Amino acid sequence: MAEKTQQAYPSAPANHGYQRSDAESLENADVLKRKKKIKLAIYITIFVVFQIIVITTMSLTVMKVKTPRFRLGNINVQSFESVQATPSFDTKFTTQIKIKNSANWGSYKFNAANITFQYQGATLAVIDVAKGKAGWLSTIKRNAEVSLNSTAITNSNLGSDLSSGVLTLNSVGRLNGKVAIMFIMKKKKAANMNCTIAFDVAAKTLKSLQCK
């Protein structure tokens, strides 16, 4: 009787490796979600901080409204006559009316106004300023002719001023208007003029012009 041989089949090798459980897989997924949330929170925080910086910068620069300047400039004396004994004077000159809006990121639209020329509070002449608009970051200049005389001056120190060689006058005015920023905001601004004009009596020329 033939001997029956038994063929041995090797058993599957034992798996000594590490098998990840379902719980661990879920835990890793939660970690990834938390990391994504943290990254998203960081991005949102950076965006918010950036927006705050932009808004603050615009508030301090572009959106900040400053009062335009209202001044005289470039006075050219055409004639100047004075008599110390009377005393009296008569002068004509050309000047520029300057509306300076160079500090605002928006146009300045102003109403009609006037400029008064005075000697120690006495009104010598009044000139008109037509309404208009000064563009953003710009200055407009208007030419004007002025004629002044001492007819309206009484009980003053005019004789002493003429003898001293310097005649000092003042020009005052007020310009009312609105500054429009980016077509969304309008703010009322009034620009005041207060200039001191000094003439050299002997030379019959302008000595100085100071505005504040």
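Visitor: What do buried, partly exposed and exposed stand for here?
Guide: Buried means under 20% relative accessible area, exposed means over 50%, and partly exposed lies in between, with a 1.4 Å probe and protein chains only. This is a predicted model, in which local features need pLDDT of at least 70 and side-chain atom pairs count only at pLDDT 80 or more, while totals for chains, interfaces and linings use all residues. Residues are numbered from 1 along each chain as its sequence is written, and side-chain values use heavy atoms, with hydrogens and water left out.

Visitor: How many disulfides are there?
Guide: The count is 1 disulfide, the term being used for a pair of cysteine sulfur atoms within 2.5 Å.

Visitor: Which residues form the disulfide?
Guide: Cys195 and Cys211 form it, with 2.0 Å between their sulfur atoms. The link of Cys195 and Cys211 is right-handed, with 110° about the S-S bond. Cys195 belongs to strand 9 (residues 185-200) and Cys211 to strand 10 (residues 205-211), so the pair ties together parts 16 residues apart in sequence. Strands (E, at least two residues) and helices (H or I, at least four) are DSSP runs, numbered from the N terminus.

Visitor: Is Cys195 buried or exposed?
Guide: Cys195 counts as buried, at 0% relative accessibility. Cys211 is partly exposed, its relative accessible area being 27%.

Visitor: On to the backbone: which peptide bond is cis?
Guide: The bond from Thr86 to Pro87 is cis, with omega near -20°. Pro87 is placed in the loop between strand 1 (69-83) and strand 2 (88-100).

Visitor: And where is Leu137?
Guide: Leu137 sits in the loop between strand 6 (132-134) and strand 7 (139-149). Its phi is near 55°, a positive value in a residue other than glycine. Most residues other than glycine have a negative phi, and most peptide bonds are trans. Leu137 is partly exposed, with a relative accessible area of 35%.

Visitor: What about the phi of Asn155?
Guide: Asn155 is not a glycine, yet its phi is positive, at about 50°. The loop between strand 7 and helix 2 (158-164) holds Asn155, which counts as exposed at 85% relative accessibility.

Visitor: New topic: what does Gly177 touch?
Guide: Leaving aside residues up to four places away in sequence, Gly177 touches Tyr108, Lys109, Phe110, Lys187, Lys188 and Lys189; contact means heavy atoms within 4.5 Å. Gly177 is in strand 8 (residues 166-181) and is buried, with a relative accessible area of 11%.

Visitor: How far apart are Gly177 and Lys189?
Guide: From C-alpha to C-alpha they are 5.6 Å apart in space, and they are 12 residues apart in sequence.
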